[in-house]
Amino acid sequence: MNISQIEEVVKKLVVDVNAGSVNKDEFVYQLMAAYGHRKTTIGRIKSGERNLADVAGEVRAKRHVYFKHCQGNNVLSDIDSMKKQPSVTREKIRFVIATDFNQFVALDTRTNDTLDIEFNDLGKHFDFFLPWAGMEKAVYQGENPADVKAAEKMAKLFDLIKADNFNDDNKHDKQALHNLNVFLTRLLFCFFAEDTGIFKQNQFSGELESHTKVDGTDVAEYLNRLFEVLNTPKDKRADLPDYLANFEFVNGGLFADSIESPRFSTKSRKMLIESGSELDWSDINPDIFGSMIQAVVHPDQRGGMGMHYTSVTNIMKVIEPLFLDELYAELENIEENIDPKFKPSRLRKLHDRIADIKIFDPACGSGNFLIIAFKELRKLEMEIIKRLEELEQNENQDDLFGEVGLDSSFSRIKLSQFYGIELDDFAHEVAILSLWLAEHQMNVEFKAEFGECEPALPLKQSGNILSNNALTMDWKKLIGEAENTYICGNPPYLGTSMQSSSQKEDVKNIFSSVTKGYKVLDYISCWFFKAADFISGSSAKAAFVTTSSVCQGDQVNNLWPFIYDKNIEIKFAYPSFLWTNNAKNKAAVYCSIVGLGSKNDSDKYLFNEEIKTKVKNINPYLAASSNIIVSRKAEPISHLPKMVYGNKAVDGGNLILSPEEASDLLDKYPYATRFVKKLTGSSEMIRGNTRYCYWIPDSLTDEAAQIPAIKSAIEEVRKFRLSSKDKGAQSLAEKPHQFRDFKSIETNAIVIPRVSSDRRKYFPVNYFDSNYVVLDSAQVIYNAPLWVFTILSSSIHLVWVKAVAGRLKNDFRYSSVLCWHTFPMVMTTNEVETDLAKLGLKLIEVRESFSESNLSTLYSPEKMPKALQNAHLEIDQYVDRMFGLESPSNDVRLNKLFDLYKRMTGGQNA
C-alpha cells in the first residue's frame, strides 16, 4: 500500500472503532493490516500461535508489537510498565502501544520516539507506524539530508574546483574529467563515512580543517596522502602520524588507483569543509543520491534535479512482478502449506535461490534499479532468517546456518550478484559508490535485527559495473549463462528524431539485418531486442520502463515480430502511465512497463494502477488478446471509404488569411468571394478558430490576379518556393496561386484531427460542406456518407485508435493507414446505414445547440454536456449491437476487433 492509502485506512479504522463496527479487541490486528502485515502473520498472532502475551487484553508479537487495551485512566502508567519489560528487548519489539480508546500512547523502541495523543487523532499521526510498511520516518518526512540542498552545496563545490583546475585548453580532456569524477566520489564516500560510524564522527572534515592551510594550497597534497593511506592496511602504517594512521583501511577499489587530486583555493577549501561538517550524511538515500549528484556534474540538469531519476515506486513496478512477487509467494507458501518439519529445508532452499540470483541493468545510470533490487533481496533474506529463527529458536538455533557453512552475522546477498553497464563515466562511478552505501545501510539494518553484521571495511567488490556501450557488448561475456538472471532498467528512450548519429548507428547495427523499417524505432528498442536474445531459451526474464510508443503505431510492426521469433512472450505489462519522480520539474513522459520471458504456460498479468488482472496472453499493444500485428493498409480492409490527408500549403503563409484580412479584402472586392474559402484543420476544428485562404482554380488565375492583394500574395509564394532548398518546393513555384495540394470538397467531407488528446472519451470528428478547405493537419474522407461519421464518433472506433495509433506524448496520432484503413468494420445494410445516419445527424444537432462552445470545450471530460453524452451513448449502444456486443467493456470491444481483423486479413500474427 502507498502512503495515502495507509492514511485513509487508519482514519477509517478510528471512525469504525468509535462507531462500534470494529470491535476494540480487533483494533490492533486491523491497525497492523493497515500497514501491510501479511494476513497469515496477523492470523497466527490472533489465534495465539504467535501471541506471546498471557494476559487478557494484551498482544505481544516478536519484532512487531506489544499492545495493551487499558482499563480506567492507567494508560501512561501501563506503558511505563510495558516498556520496562525484559521481553521488549529480548523479543525486539518495535512498537509498544497502550490505549483506553480515549488516550493513545506509543513508543518506537528503535528511535525512542513517543506518541501521546487523543485516540481520535491517530489518523493525523499515521506516519508514526510507517516502519511497519518498510518506510523509516526520516525518509518519509522529507528530512533526508542528501536532498537537493546537499546537492546544491556539492554543485557549488564542483563549480569552484572546475574553475580552479580547468580552462579552455583542458576542459575537454577526458582523462582529467574522469579523474575529477573519481575524486568527487571519493569525497562523497568520506562525507558518508564520517557520519555513519565507518570513520570517527567528523574525522574527515575535522582533520582536513586542522591540517591544511586556509588558502587551500596544500589541500590537494593532503588528500593525495590521505587517499593513499585509505588504501594502506593498518599494519603497514608504522611511520605515519596519528591523524592519518587513525583512519580505517578502506580498500575495495575506490582508493586503489593513484589519481592526482585537483587544486584548491581559499573558497573551494572552505566549501569542502562545510560540505562535510555542516551536512549530516548519515541518512543519505543511495537510490536518489546518484541522480542528484549527476546534476552536480551536469549543470544543464540542475534546474530539475533528479529529472531523469526513476522513482522507487516505478522501480518496484518493474522488480516486483519480475521476480520479487514470485519469491514472496514461495515464502508464503512455505509458511502456509508446508509441514513444519520440512519448513527449515524449504526456507534454506529459498535462501540458496536468492543467493544465486543475478540482477543486470544494461543501462544502469547511477544504479537506481540495482540499489533497490539489492535492498529488496536483503529485506527478503532477513524475512527468511527470521522464520528460521522462529522455527529453530530452541534446540536448533545454533545450527541456523550450519548447512551452508555461514555465520548468521553475514548476509549471503553479495554485490557481486549485481551487474550494470553505463556509457556515462561519472554515472558509472556513482553507481559503484551508491551500491557500497546501500550495502552499508543494509548491514546496519541487519545488525539492528540480528545483533551482528559484516564489517563495513575494508570495502568488498561492489558489483560488476562497467563503463561501456551496452549495445555493442556481448552481455553473456559479462554475466555468463542466463539462468537465474533478471534484466531490468530504464534505458534511454529517444525517438528517431532525437537520436545522435552514433545512436542511429547502434539502431542500424542491431536491426538492419532483420527489418527494413528500423529507422522508425525508438532507441530503447535495441535493449528489448538484445534482452530477448539473451533470455531466449532460458528461465531468465527481463523488464524495462519504456516509452509507450514501442507498443504503438508503426513501431509494433517493426519490432515485435522479431522479438517473438526468439520464442519470447510478454509476461506482464503496465500500459501507458505518466512517469513520475521526485524532481522539482517532473518530466512529462508517458511510459509503459513490459516484462519478457521465454514462451511457456506461466501466468501473465496486466496492471492498471492498483489492479492486477490475470490474462491468457498479452499482445504487443499490451492488450489481453492474441499476438496480432496491425500493419499499414493503403486501402480499407472493410467496406469503408478511403481516408486521405488534407491539403499542404507550402506557401510561407501567404495564401492564408486571418478573419480581419479576409473581411478587408471582401469589403474592397466583393466579387473576390469566389477566390476565398474557409480553412479548417485539427486546431481550427477543435478550438473553433476561423481562418481563410485563397482557393484559385487554374482557369481563374488571371482574373484573381487582377486584385492587387491576391497578385502580391501569389508573387510572395513564388519567391518563397524558389528560395527553398527543397527541390519539390521549387517545382511548385510554377503554380504559386495554389496550395501544394488542391483537393476540394465537392459535396461534404468528414474531417479527423491527426492529433487529439487521449483524455477525451470520444474522438472529435466533424462534418463540413464545400465552403471549406481542409489543411493537412487533419485527415479527410471526401464526399462521405453520414453513417461513416457515426462510426468514427463511436467508442468502439476510439478503442481501436487507442490500441494501434502512434502517440505524441500520450495524445493520439491518427493515421489513415493504421487507424482507419485497418478498422475491421462489420457488414452493413441500407437500413443499418440509414439508422446510423440518423444517429449521426442527432449528434450534430446536439453539438449545434451548444453553438457558443467549441469541440475542445464540449469534449472536455469535465465539461461534456449531458445531452452530448447521451447522444454518444445512443451511438455506442447501436454500434456495439452491430458488432454482436451487449454492454461491453473496452477490453471486450478490443478483443472483438482483433478477432475481426485477424479474419479479414488472413490472420497476421506476430
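I started with Lys-476, which lies over the face of Phe-534, 5.8 Å from the ring centre. I count a charge as over a ring if NZ of Lys or CZ of Arg is within 6 Å of the ring centre and within 35 degrees of the ring normal. Lys-162 does likewise: its charged end sits over the ring of Phe-166, 5.9 Å from the centre.

A note on the source. This is a predicted model, where local features need pLDDT of at least 70, side-chain atom pairs count only at pLDDT 80 or more, and totals for chains, interfaces and linings use all residues. Residues are numbered from 1 along each chain as its sequence is written, and side-chain values use heavy atoms, with hydrogens and water left out.

Next, ring pairs. I found 45 aromatic pairs. Rings of Phe, Tyr and Trp (its six-membered ring) pair if their centres lie within 6.5 Å; planes under 30 degrees apart are stacked, over 60 edge-to-face, the rest tilted. Tyr-222 and Tyr-243 have ring centres 6.3 Å apart and planes at 10°, so they are stacked. Tyr-222 is buried at 7% relative accessibility, while Tyr-243 is partly exposed at 22%. Buried means under 20% relative accessible area, exposed over 50%, partly exposed in between (1.4 Å probe, protein chains only). I also noted a cluster linked by ring pairs, with Phe-27, Tyr-35 and Trp-132 among its members.

Last, the sheet. Nine strands form an open, mixed sheet in the order β8-β7-β6-β9-β10-β12-β11-β13-β14. Strands (E, at least two residues) are DSSP runs numbered from the N terminus, and two pair if DSSP finds at least two bridges between them. β6 and β9 run parallel, joined by three bridges. Lys-358 stands opposite Thr-485 in β9.

Technical notes: Helices (H or I, at least four residues) and strands (E, at least two) are DSSP runs, numbered from the N terminus.
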